[in-house]
Amino acid sequence: MSQLSAVDPPAPRTRSTLAFIIVASVLICAAALRDTVMATMQMSFRKEPVDTRLPLSVIKSELGPWVQMTIDRAQSADMEHELGTRQYIFRDYYDTRLLKPVDRDAVLKMSIEDRDKFYFARRGEMLRGRVYLGITYYTGGTDTVPHVADRCYVADGFKPSTYDVVTWPVLPRASDEAKNTQVRLINFIDQIDSQQRRPVQVAYFFQVNGAYEQDPVFGVRRRLSSLLQRRAYFAKIEVRTDLENSLEAAPIVKDFLQYAMPEVERVLPDPAGFEAGADAPTTVPVTTPATTTASETAQLQ
């Protein structure tokens, strides 16, 4: 029997052990390097939750000429599970500029409970001046947006007849350019029988980690997934009307948002606190819209 020479290859078990040691060493070094890089660049995969500055429910019932007409109603447990959050408000507001002075004075003196009864008794007559506001708040994760009109209304039997991304000066900022943000504006019609249900116009956008986005995936998800941000939140701001088309709805929704956004920003986290990955909140200059003139009111009617 021949003897093994000094140059014979190692046994299979020896090769496997050596390969395991090399792979394990590489993984350990990679993990240590990752932690070092993340610590140096202040990166974060896990996201800490961010509290709103105030509860959403404290958004004022009077937003300039727009007055809250419905009670804040809690959703069922199943609906909250479907929404994916317990932080929300859903309200109808009405433009009191469309009321006769005597009726406007009467509405303003009503309690919210009496307004709710008054509104549901006459809401069919108040079609043009009413908007529905929905705000939902999410924090502490990087999941995609659970509900957007593009999917929900289609699932409910509607189909989009027009689909636009518009730029509106609705943010409470000092400079005209800084007031602009993009908003998705979609007109939905009944895809089964357009005569059975009225068209619905939905405008929505998001405040996400201090910025505004209209795209739930390439806007919201991208910002939530940033490794340079250790905290994460987003709020969906949605306004709905029940007019004939988006051309009618656009000036009304834009007008409402100009009055609503100072209040929305008052309760949401401070946008300036998240710029460039900052964690300490700072103050955002907030301006309120000027009183609408008679000619501007006429354009809304």
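Modeller: The structure holds 12 aromatic pairs, where rings of Phe, Tyr and Trp (its six-membered ring) pair if their centres lie within 6.5 Å, and planes under 30 degrees apart count as stacked, over 60 as edge-to-face and the rest as tilted. This is a predicted model, in which local features need pLDDT of at least 70 and side-chain atom pairs count only at pLDDT 80 or more, while totals for chains, interfaces and linings use all residues. Residues are numbered from 1 along each chain as its sequence is written, and side-chain values use heavy atoms, with hydrogens and water left out.

One of the pairs joins Trp66 and Phe256 edge-to-face, at 5.3 Å centre to centre and with 80° between the planes. This pair links distant parts of the chain, since Trp66 is in strand β2 (residues 66–68) and Phe256 in helix α7 (residues 246–267), 190 residues apart; helices (H or I, at least four residues) and strands (E, at least two) are DSSP runs, numbered from the N terminus. Phe256 also pairs with Tyr93, this time in a tilted arrangement, at 5.4 Å centre to centre and with 50° between the planes. Here too distant parts of the chain are linked, with Tyr93 in strand β3 (residues 88–95) and Phe256 in helix α7, 163 residues apart.

Trp66 and Phe256 are both buried, a word that means under 20% relative accessible area, whereas exposed means over 50% and partly exposed in between (1.4 Å probe, protein chains only). Tyr93 is buried because its relative accessible area is 0%, and Phe256 is buried because its relative accessible area is 0%.

Leaving aside neighbours within four places in sequence, Phe256 is in contact (heavy atoms within 4.5 Å) with Leu63, Trp66, Tyr93, Val131, Leu133 and Val239.

Elsewhere, ring pairs link Tyr138, Tyr204, Phe206 and Phe234 into a cluster.
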